[in-house]
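The exercises below are meant to be worked through with the sequence and the model open side by side. Please try each task before reading the solution that follows.

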Amino acid sequence: MDWLNKRLVFEKFTKESTSLLDELAVINNGSDKGNQNEKDRSMDFNYLPSVDPETVLQTGHELLSELQQRRFNGSEGGVAWSPMDDELLAQPQVMKLLDSLREQYTRYQEVCRQRSKRTQLDEIQQKVMQVVNWLEGPGSEQLRTQWGIGDSIRASQALQQKHEEIESQHSEWFAVYVELNQQIAALLNAGDEEDLVELKSLQQRLSDVCYRQASQLEFRQNLLQIALEFHGVAQELSQQLDGLLGMLCVDVAPTDGAAIQQTLKLLEEKLKSVDTGLQGLREKGQNLLDQISNQASWAYGKDVTTENKDNVDHVQGVMEDMQLRKQRCEDMVDVRRLKMLQMVQLFKCEEDAAQAVDWLNELLDALLKTHVRLGDESQETKILIEKHRKFVDVAQSTYDYGRQLLQATVVLCQSLRCTSRSSGDTLPKLNRVWKQFMITSEERVHRLEMALAFHSNAEKILQESPDLPESVLDFEQFEEVEGVGKSLLDRLTVPVIYPDGTEQYFGSPSDMASAAEHIRERIKMVCLKKQQLLEPDASIRES
């Protein structure tokens, strides 16, 4: 390169470097003026050099290298060469300009680094304020308007859906918070001491607002979940009470005691289920009331007394209503239980009355079939009469028991306002079998009394001494005994006739034949005795 060309390069470098130095000085000096306002600083920060400092420095280094080579290497082709005065003066000027450029460029790079850091801090601060302003503004306003808990499952679910929409909006800002927190943490790890205070302040404020808002969202979600559970238990309990009430409102007509016991068992199970449900509702309600009372802790200064009172009144109202409904059902269950127990008593009375009829039929059958003997002697007949009296007492007690049971069924039917299933049939049956029993008993008594008279007189005749003159003359007694015996024999062949025209005989024909045979034997003995008394009397008249 000849000096002319080098001169052009030198002049261009000198011009560009001088201009660049002025520009860098303005930029660097502007950044050092702490008393400038933000607008001036913004203008300085946005001002860039007209040429690339790296390019100018590169040009200067190349020019200085050429100048130094020409000075020490001489002319080309081995011809002696000596530098011109301008060349000798140009080298130190280039070196001076390069030194100045390097100094100003180093300062400029630091200014750019500080400007970049300031820009990054401003951007972070701007984003932080965006998050904070939204959370403390629209976000908080959304939560301020959400205080209700709903009055049903559907209403609580609608509030939950609305809350999920609010959470979805918050989650977008929470994502920005996470990103900003990571950026701030990175700057804190690599930042300068002068930036730590500002960064920590931003991070602390951002964290406080986000955590507070997240806590409120979580609290609101928990409150709505508890409210949903409360309304769920209340709805289930209401359905149980409706079912129990429906069961109590339907008039039942069980057919037997077993059906009544089953109905009572079902009522008790339903009532127990209702009691368990009400206890669960109270627990859920108390938990919900505790949560509602804590709402004031994050009300942002808003007076939530009215809203809380409405929620508390609703929860307490639901629990009181359920308690009243349960009490009404319990009262109705008590009435139904009493009615059922009366029906059990009614069925029992009806069954026992029917049993009394059966017992009387059995006693009548026993009276006819087994109470046949009349006794072989007076003492035995007396014993049979006493046994019959006791037998009749048992039958009387059975009849009285049946009558009392049927009277009880009448009272119970009046109380239950129903018609007895069997009292209309049982009472006539009871009276009919009792009438038959009494007719049969009277016939039995007549026969026993006749048998007693027969045996007593016969025994008196047979046991008297024939030596006594008065016994010889009392022939009417013989006639009486014979007459009673024949009447008794005749009575044994007569059936018992009931009011309905039916007839019944005591024992079997063989039983009656056996009893009649014994009476005939006694009659024969009396006749023989009479004959023995008559023979001595005839011989006396002949002599």
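**Exercise 1: Aromatic pairs**

Phenylalanine 391 and phenylalanine 437 are both buried, where buried means under 20% relative accessible area, exposed over 50% and partly exposed in between, with a 1.4 Å probe and protein chains only. This is a predicted model, in which local features need pLDDT of at least 70 and side-chain atom pairs count only at pLDDT 80 or more, while totals for chains, interfaces and linings use all residues. Residues are numbered from 1 along each chain as its sequence is written, and side-chain values use heavy atoms, with hydrogens and water left out.

Task: determine how many aromatic pairs a search of the whole structure finds, and classify the pair of tyrosine 177 and tyrosine 211.

Solution. Begin with the rule: rings of Phe, Tyr and Trp (its six-membered ring) pair if their centres lie within 6.5 Å, and planes under 30 degrees apart count as stacked, over 60 as edge-to-face and the rest as tilted. The search of the whole structure finds 5 aromatic pairs. For tyrosine 177 and tyrosine 211, the ring centres are 6.4 Å apart and the planes stand at 75°, so this pair is edge-to-face. Tyrosine 177 belongs to helix α5 and tyrosine 211 to helix α6 (residues 193-249), so that the pair links distant parts of the chain, 34 residues apart; helices here are DSSP runs of H or I with at least four residues, numbered from the N terminus. Tyrosine 177 is buried at 10% relative accessibility, whereas tyrosine 211 is exposed at 55%.

Next, phenylalanine 391 and phenylalanine 437 form a tilted pair, with 5.8 Å from centre to centre and 35° between the planes. Because phenylalanine 391 lies in helix α9 and phenylalanine 437 in helix α10 (residues 423-463), the pair ties together parts that are 46 residues apart in sequence. One aromatic cluster is formed by Phe391, Tyr399, Trp434 and Phe437.

**Exercise 2: Buried residues and their contacts**

Task: find which residues threonine 440 and isoleucine 292 touch, leaving aside neighbours up to four places away in sequence.

Solution. Contact means heavy atoms within 4.5 Å. Threonine 440, found in helix α10, counts as buried at 0% relative accessibility, and the residues that threonine 440 touches are Leu364, Leu367, Leu368, Val496, Tyr498 and Phe506.

Isoleucine 292 is part of helix α7 (residues 257-293) and counts as buried at 1% relative accessibility. Its contacts are Ile149, Leu223, Asn308, Asn311, Val312 and Val315. From C-alpha to C-alpha, isoleucine 292 and leucine 223 are 7.5 Å apart in space, although 69 residues separate them in sequence.

**Exercise 3: Cysteines**

Task: state how many disulfides the structure has, and decide whether cysteine 349 and cysteine 527 are buried, partly exposed or exposed.

Solution. A disulfide is a pair of cysteine sulfur atoms within 2.5 Å, and a search of the whole structure finds 0 disulfides. For cysteine 349, the nearest cysteine sulfur is that of cysteine 413, 9.5 Å away. Cysteine 349 counts as buried at 11% relative accessibility, while cysteine 527, at 31%, counts as partly exposed.

Technical notes
Helix = DSSP H or I, 4+ residues; strand = E, 2+ residues; numbered from the N terminus.
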